[in-house]
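I open this entry to record what I looked up on helix packing and on chain contacts. The structure is placed below for reference.

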Amino acid sequence: MEFFFEVLIGGLLAGVMYALVAIGFVLIYKASGVFNFAQGAMVLFSALTFVSLLERGVPFWLAFGISLTAMVLLAVAVERVVLRPLVNRPPITLFMATLGLSYVIEGFAQALWGAQVHGLELGISDEPLELGGMLLSQFDIFAAVTAAVLVLALSLLFNKTRIGLSLRAVADDPLAALAVGIRLQRVWVLVWAVAGFVGLVAGLLWGARLGVQFSLSLVVLKALPVLIIGGFTSISGAIVGGLIIGASEKLAEVYLGPVIGGGIENWFPYVLALLFLLVRPAGLFGERAIERV
Amino acid sequence: MFYQEAGQFSTRYAQDRRVFRLRQDRYGLVALLLLAFVGVPYLGNDYWFSAILIPFLVLSLAGLGLNLLTGYAGQLSLGSAAFMAVGAFATYNVELRVPGSPLLLSMALGGGVAALVAVLFGLPSLRIKGFYLLVSTLAAQFFVTWALTRFSWFSNNSASGVISAPRLEILGVDLSSPVGRYLLTLGVVVTLFWLGKNLVRSELGRNWMAVRDRDTAAAVMGIALLKTKLLAFAISGFFLGVAGALWAFTYLGTVEPHGFDLNRSFQILFIIIIGGLGSILGNFLGAAFMVLFPVLLSNLVALLPAGLIDAGQMENLQKMAFGALIIVFLVKEPEGLARLWKTFREQARVWPLRY
Amino acid sequence: MATFTDNPQPGTLPQWLQQQARQQGMGIALRHKRLGVWQLRTWGQLAAEVEQLAAALQVRGFVPGASLVIVSRPRPEALIAALAAQWLGGVAVLLDPLEAAASQVTLLRELHGEWVFAEGHEEIQRLRAAGLAPRLLIYADGRGLAQVSQAGDTLAFAQLQQQRSDHRPELQARAERTAFAFYRLGAGQRIEQQRISHAELLQDGRRLVHSEQLGRQDEALAARAFAAGGHARYLLAPWLMAGFRLNFPENLATRDQDRRELGPTLVAGTRATYERLHAQVLARLPAPGSWRRRLVEWALVEHPGALQRHLGYWLIRRPLRDVLGFSRTRAPLLVGEALAPPTLAFFRALAIEVRTWPDPAQWHRPVPWPAPLVNGWIEDNTQPA
Amino acid sequence: MTQTQAKATQVEHLLELENIGVSFKGVNAVTDISFAVVTGEICALIGPNGAGKSSLLNVINGVYQAQEGRIRFAGQEHRRMRPHDVAVRGIARTFQNIALFKGMSVLDNVLTGRTLKRRSNWIEQALRIGRAAGEDDRQREAAERVIEFLHLQPWRDTLVGKLPYGLQKRVELARALAAEPRLLLLDEPMAGMNADEKQQMSRFIVDINRELGTTVVLIEHDIGVVMGISDHVVVLDYGRKIGDGPPDEVRQSPEVIAAYLGTRH
């Protein structure tokens, strides 16, 4: 039984990481209606930039700042080159564009910093911690706390600031937002920048866990089912979805794995999400629009 | 300019329905087929057959498969490679377990199995739309590759699920030589393209486009959405399956499940984006681009001073180039390369006038 | 041209029709683009239909010398009606529905025809406006007629065709009798008429057939201007004599596309026809100054050099002729007034030598009787460009 | 009102709505609407924006489901109907904002309207064997007749996306007509047209009704047009029925006038 809980908690904490990536999606989806497949590439790019700077002896916070700036520049570029020309095109088109984008970013990141694996040490020891008779990874807890802080910050940004307000307006109805004089372009840049920031944080945590390497960009594939379950438009949804996926996939791996063979965690989330979709197409927290004809 | 349309008019609908209504187009097609079936085998060398032409043909077919689903029926899919894998492994198993079953039959059966799998993962398409559907196709992508590696039965217990080509012979004619494999591939591809062209011009094709363009209106007119979508998945699956079999046996010779990973799916999606969504010709153009572009790029790089760009960078360069191209095409020419040809043809028909 | 050798030479249009039906019963006489494809009529079918309609008319009391007023765009039914009237020794009075309603209503009022063929709803409206109550009103297109009150004996062309009667009306056309009559409002609203006898028609037709070497293999397009004396002389008569194929476009809006598909060898146009085409080309040519425009101008000069002649032919003139639907045209005829020099030059540059066949129309105040008191009108070059 | 019900007892009703109620997320779009459409008539639904006209149309052809009430079409009652079933029973429609298949030619759009008339299966069609060929001819001819009826020949092969607005509306009408429906639902067929286009369109609608005997239910804002072509007018306001009867009768009704002049009481 304890073992079960260990697995469960471990899964939940891993889920937090998924959630972190997923939040980036939700932000962008809310503001520009784009399912940003390049989010994973952004995670990779930011983390790779950061770690490479560290290795070149750049102090931590400076490296962090530079990486962040890089992400902002990226956001600007994306808005100029991808979003603006593709405005009012079908979402599928935008999605495919982000596919292309992810290729560009990955290619660029590796061309710039090389493809080898970089270790990343954030100075959080990863030795397990005894909590109520269960062994939990300090690092996971740290990650969880970071995520919580991040979410708190974001929700403040959205609910308290003018920017957040205009962002919500854009999310609700771009045209109306335009009508009241909100500058879509600015909002988009902002959102993509924030998403980049979230990506950076996620990248650091993931990087510290698995080493900074190409596979980071594949977390995007985990985030998709998370979003499906949580709903594309809800940050809290992303969190919950992440936790569900994290926990269930670990449990499945541990309990189901031996039965049907290991390595199932890379498709299990999808099957889960699929079943979920059939029951509740709009996800847990997403709301479904009435079709007007 | 070369069009002489005087006297080319229809007195029966059958004439009007022909794929190539204009004589000039028909002659062009015949010339092309002659070149492909007779000319190329004499002119081409083994490098061209094995490294350029065969992959080009197979990728065109795969593109067609995905284009039917995405370009015509409007159902986005990232699981193409999975269906190719199913086709390849199914064909392999038919050949393995049904001794003496003719090669083409095995391929058809392989395609059939792929079609079934595709339908299975297409089922959610009734409830979910747009990129929600990605989940279903990605599930297919991951599940299939997993299953094929996990259960060694599929690969006849070979290590890491590697399978290798059966004897390539039809009616006793051995086709294992490069030119033989080329002709085999060409034959299959041409036949399936003919089929595909007919499909998209048939009522089913119209229904696909209807569902793609306005599914509510389609339903209101009595088009059965689920049937139409599932047929799209099934037929797309079949084409991809056969393409997979060709990829494994006439191109690579031996293949493992991871030869059909997510990147392959992306590659095929890129083919149809570059070539042209909702176009038959586009699949050829896109595939040609996909095959020739890397060659071109490496030749360009070769012109640069040595050591400036090493092999590793080469790959990244390619990645960036492809990504950028996708964006450029989506922005500038959403109808892809096929559009260019279409415009040219329309121009030629009214030359020297503007319209 | 086998038709001219065998004697005795038919003396009237219906006789020519009979002869064509005998000699090339299975040959194509008419094509009409409808429902997206070119519908065929063989000479045999055509003759049979004409005879049938004639029978139907006769049964209803149509006598030699009577006239059938036809208000219709060019279409097979109208042509058949005209021939049927002539078959019974009657006169076909052709009016063009594209004429201004007001003047036409005036005409119709004067004509008070007893026998009328109207194309459809609009034409029938004009008859009503003119207060006409014909003994028999035949219409081709029943669209919208469910709503109008049906005065007189109104019948659909199709209906008449259905009524199969084994009674075969004998052919009463006479060479000296009037075949076609045309009316117009002349100066001072005075009505003028033009009457053309079979003999006159055939004489003009024969001249054309001989000088243009027309034969069965020719294709003619009757785009518009069906109701003109010139066309009776230089299109209908030659058609029956030489036995070539007469083609009707789907409708006015599609005529250019249809002409291109068909590629007629004989074009019997009016000044307006050619000038409209010329204007169209000028509008559709590449912008002045562009290399393509310069190429076109280079290829279309008055007196080309050897290179210009050959290269220009393959690059510009040949394709341009095809786009215009003139690539097979042997006999580009101009009926009525001559062309303005620029237009003439343009077609000449394309090696399309437009031949002018003046319309020797004698318009005069009508003889009181037996012809109804009226005058005619017909100017064909009133086409909307 | 009373008069039309009296009429209802004598003449055959093609369509009957009884106490229809529709609401979205608790908001009532349509409340307790009842009226009947006589076979062969042109019935107009009018009313200010948001009066629930479109919702009603969507209920009739199964795009929305009514929470309350019953619909009877051609004597058969249908409670829960999917658009497909409705199409099978012979109801076709056009949409308020054009819902054509932009990627297809006019002819192909019209042909899709005939999909329910098809008998051959897709394999026969793909291989061009069996019933397919002959059927293609028949379907094409039927489609061509519709194209001719609505004077669309010049644009037969044009992509509908490239056509001007007025023509697109006409093509959509053609597509609906191709299904040879018994009941034709037109959602603002003349919205955004100029006077000439409106006149032409009303001409077409009347012809369809008179020549082909198709019963028509249409939503239209231009009262002039409505009064001109319809035999029967139903007035909605705020999801309720406030008028029902022959045009001139409805025109007199004080409630209707009030609704249109915007004075509430």
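I worked from a predicted model. I first looked up helix H10 (residues 235-260) of chain A and H11(A), and found that their axes come within 9 Å and cross at roughly 120°. I therefore recorded H10(A) as oblique to H11(A), since angles of 65 to 115 degrees count as roughly perpendicular and those over 145 as roughly antiparallel. I noted the crossing of H10(A) past H11(A) as right-handed.

Entry 2, residues of that packing. I listed A:Ile245, A:Ser248, A:Glu249 and A:Ala252 as the contributions of H10(A) to the contact. From H11(A), I listed A:Phe268, A:Pro269 and A:Leu272. I classed the residues of this contact of H10(A) with H11(A) as five nonpolar, one polar and one charged.

Which chains have the most contacts between them? Among the five pairs of chains that touch, I found the most contacts between chains A and B. For chain A and chain C I found no contact, and their closest C-alpha atoms lie 29 Å apart.

I recorded 40 residues from chain A and 33 residues from chain B. On the side of chain A that touches chain B, the elements giving two or more residues are helix H3 (60-83), helix H4 (91-113), helix H9 (219-230) and helix H11 (268-279) of chain A. I noted that H4(A) gives the most to this side, with 16 residues. The residues of the side of chain A that touches chain B divide into 31 nonpolar, seven polar and two charged.

Conventions
Residues are numbered from 1 along each chain as its sequence is written. Chains are lettered from A and ligands numbered from 1 in the order in which they are written. This is a predicted model: local features need pLDDT of at least 70, side-chain atom pairs count only at pLDDT 80 or more; totals for chains, interfaces and linings use all residues. Two residues are in contact if their C-beta atoms, placed from the backbone, lie within 7 Å. Helices (H or I, at least four residues) and strands (E, at least two) are DSSP runs, numbered from the N terminus. Ala, Val, Leu, Ile, Met, Phe, Trp, Tyr, Cys and Pro count as nonpolar, Asp, Glu, Lys and Arg as charged, and the others, Gly among them, as polar. Axes are lines fitted to C-alpha atoms, for helices over the stretch in contact, and angles run from 0 to 180 degrees between N-to-C directions. Angles under 35 degrees count as roughly parallel, over 145 as roughly antiparallel, 65 to 115 as roughly perpendicular and the rest as oblique. A crossing is left-handed if the near helix is turned anticlockwise from the far one by less than a right angle, and right-handed if clockwise.
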